[in-house]
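Have the coordinates open and follow along.

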Protein chains: 2
Amino acid sequence: MQARANLKIVSGGEPCAGPGAGRCANCGARALSVCAQVSDAGLSRMEALSEEVELRPGEILAREGDAAAHVFNITGGAVRVYKLMADGRRQIIGFLFAGDFLGLTSDKDYAFSAEALEPVTACRFNRKGYMGVVEQFPELESALLSRFTSDLSAAQAHMLLLVRKTARERVASFLLDLSARAARRGADADSVHLVMTRGEIADYLGLTLETVSRTLSALKSKGAIRQTDSRTYTILARRQLEAMSGA
Amino acid sequence: MQARANLKIVSGGEPCAGPGAGRCANCGARALSVCAQVSDAGLSRMEALSEEVELRPGEILAREGDAAAHVFNITGGAVRVYKLMADGRRQIIGFLFAGDFLGLTSDKDYAFSAEALEPVTACRFNRKGYMGVVEQFPELESALLSRFTSDLSAAQAHMLLLVRKTARERVASFLLDLSARAARRGADADSVHLVMTRGEIADYLGLTLETVSRTLSALKSKGAIRQTDSRTYTILARRQLEAMSGA
DNA sequence: CGGCATCTTTGATCTGAATCAAGCTTGAGT
DNA sequence: ACTCAAGCTTGATTCAGATCAAAGATGCCG
């Protein structure tokens with residue numbers, strides 16, 4: 001099973017090679033790379049819990065309130081994670097790409113929903129088994145803690161954005177963030193491809209789709225970005241964009 | 001040293017007795033109560049790392065960007081946790097009361113600042129030592145993971161509030177949240193005492209202090225709450241308040 | 001008790017982004 | 001190549017909450 005490759009422990013923390021797509025042994029391994037000392041026994045128990053899955057756009061990986069059955073290690077494609085209010089108002093919590101994890105929780109149920117934006121490939125684990133194995137390997141557990149720490153601090157930074165930044169600052173921050181993620185995947189940092197719609201960006205940034213569209217147009221006419229096609233932008237003046245992103 | 005009492009392991013997860021103030025052995029213990037099996041050796045190592053501290057209003061427990069030296073278990077008083085933008089815009093991430101933890105992170109540095117609102121008593125640990133001991137006791141570690149999980153899901157719920165809720169929904173949610181915390185501490189759930197200023201509430205809810213004041217006045221004139229003094233409100237119509245809190 | 005600083009309330013006005021409203025572009029399916 | 005639906009852009013208008021402004025309340029300290 002190909003998925004096993006995702007658990008192979010690599011020596012260092014070398015950057016994920018390929019530009020996002022397909023199987024990427026390093027993506028998964030990098031996330032766990034602190035645990036080079038994990039015994040073969042532990043590793044093979046992990047492998048036994050894993051299963052490779054593919055999801056079509058629109059397919060649901062997790063639904064808010066449902067029992068948290070799985071942990072996913074995304075190996076390709078893009079996922080949106082969101083919460084809904086009773087009356088349908090939606091907040092997108094974040095977007096996940098290759099190398100990201102989903103469903104790590106010690107709660108019984110998922111606290112959010114997650115849906116594939118594009119065709120997604122992922123390595124899926126039984127959550128209880130996963131958490132059980134993690135508990136037995138301190139190195140894995142501290143990797144998990146540091147993942148939570150960084151998720152939490154990202155959530156807090158995003159709160160700051162949502163409450164205190166203007167529409168322009170939010171959109172500029174968003175483009176820079178996607179650019180940084182592209183760079184981490186080894187792709188061209190100046191070419192930002194939006195896999196999500198304007199409406200989804202809006203729901204992530206706390207704006208409306210019209211405001212996102214207008215703001216992108218404004219950044220374009222200021223010469224900070226150039227639009228290749230309706231979903232791809234090139235960053236022309238990174239410095240300027242950073243200045244507009246508000247800290 | 002009194003602080004040791006905070007680490008005493010209690011049998012169940014019984015609610016913290018006193019209404020917030022002073023030393024409360026159960027508060028600390030409750031947070032760690034899953035680990036009834038921790039050996040005496042582990043417990044005494046924890047105790048050796050602990051130290052009781054008192055802080056005056058305005059004193060800083062942690063500063064964003066500084067080395068994360070300590071973990072605090074708040075035993076009395078109230079703390080505000082916040083982030084700043086370069087130009088001074090402030091976002092309050094949350095308020096902490098007796099029983100809450102601060103500084104649990106696997107990052108080198110604090111990602112936020114924290115300041116005492118009232119006189120605060122806390123049990124302070126050397127963070128590295130604390131994390132080290134935690135790693136050796138799986139029960140402690142999974143308590144920590146579940147704390148992170150709930151912090152993260154609280155942060156995500158707060159994002160939803162910040163982006164999608166109206167001013168009235170935010171203020172109603174805030175009052176209900178404080179009421180729930182009071183109930184957990186064993187205090188009267190219908191009497192909500194605000195230890196923070198209108199400006200601090202505003203910075204937490206993503207509003208201005210004028211809007212918070214106006215909204216409280218509006219809730220008062222609708223008969224949902226009654227004002228005892230400028231910092232204390234009584235919930236008169238909880239059902240109504242819940243309906244106004246938007247999900 | 002009195003004086004001063006801090007916090008709170010309320011009113012008047014302004015404004016950034018939402019909402020309402022057309023067209024326009026893109027791409028998948030036939 | 002044509003059709004239709006989904007997504008995007010742009011314009012006009014509205015509105016919730018911000019900002020500006022000015023009294024009251026509260027409370028601390030000498």
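**From an aromatic cluster to the interface**

Start with three rings: F95(A), F174(A) and Y204(A) make up one aromatic cluster. The model is a predicted one. Over all chains, it holds eleven aromatic pairs. A pair of aromatic rings is described by two quantities, the distance of the centres and the angle of the planes.

What comes just after α6(A)? The next stop is G206(A), which takes a positive phi of about 75 degrees.

Now look at a ring with a charge over it. In chain A, the charged end of R185(A) sits over the ring of F97(A), at 5.4 Å from the ring centre. Chain B has its own example: the charged end of R185(B) lies over the ring of F97(B), 5.4 Å from its centre.

Next, the strands. In chain A, β10 covers residues 225-229 and β11 covers residues 232-235. How do these two strands run, parallel or antiparallel? They run antiparallel, joined by four bridges. Together β10(A) and β11(A) form a hairpin, with two residues between them. Within this pairing, Q227(A) stands opposite Y233(A) of β11(A). In a regular strand, side chains alternate between the two faces of the sheet.

Chain B superposes on chain A by a rotation of 180 degrees, with 0.1 Å of shift along the axis and an RMSD of 0.1 Å. The two copies are therefore related as by a two-fold rotation axis.

Which residues do the copies use to meet? Of the interface residues of chain B, 100% are also interface residues in chain A, so the copies meet through the same surface. Each side is counted: 43 residues come from chain B and 43 residues from chain A. The size of an interface is often given as the accessible area lost when the parts come together. Here the area buried between chain B and chain A is about 3800 Å², and carbon and sulfur atoms give 69% of it. L145(B), M159(B) and R164(B) supply 19% of the area that chain B buries against chain A, more than any other three residues.

Methods:
Residues numbered from 1 in each chain as written. Chains lettered and ligands numbered in written order. Predicted model: local features only at pLDDT ≥ 70, side-chain atom pairs only at ≥ 80, totals over all residues. Heavy atoms only, no water. Pairing = 2+ DSSP bridges. Phe/Tyr/Trp six-rings, centres within 6.5 Å; stacked < 30°, edge-to-face > 60°. Lys NZ or Arg CZ within 6 Å of the ring centre and 35° of its normal. Least-squares fit on C-alpha atoms with pLDDT ≥ 70 in both. Contact = heavy atoms within 4.5 Å. Buried area = accessible area lost by both parts, 1.4 Å probe.
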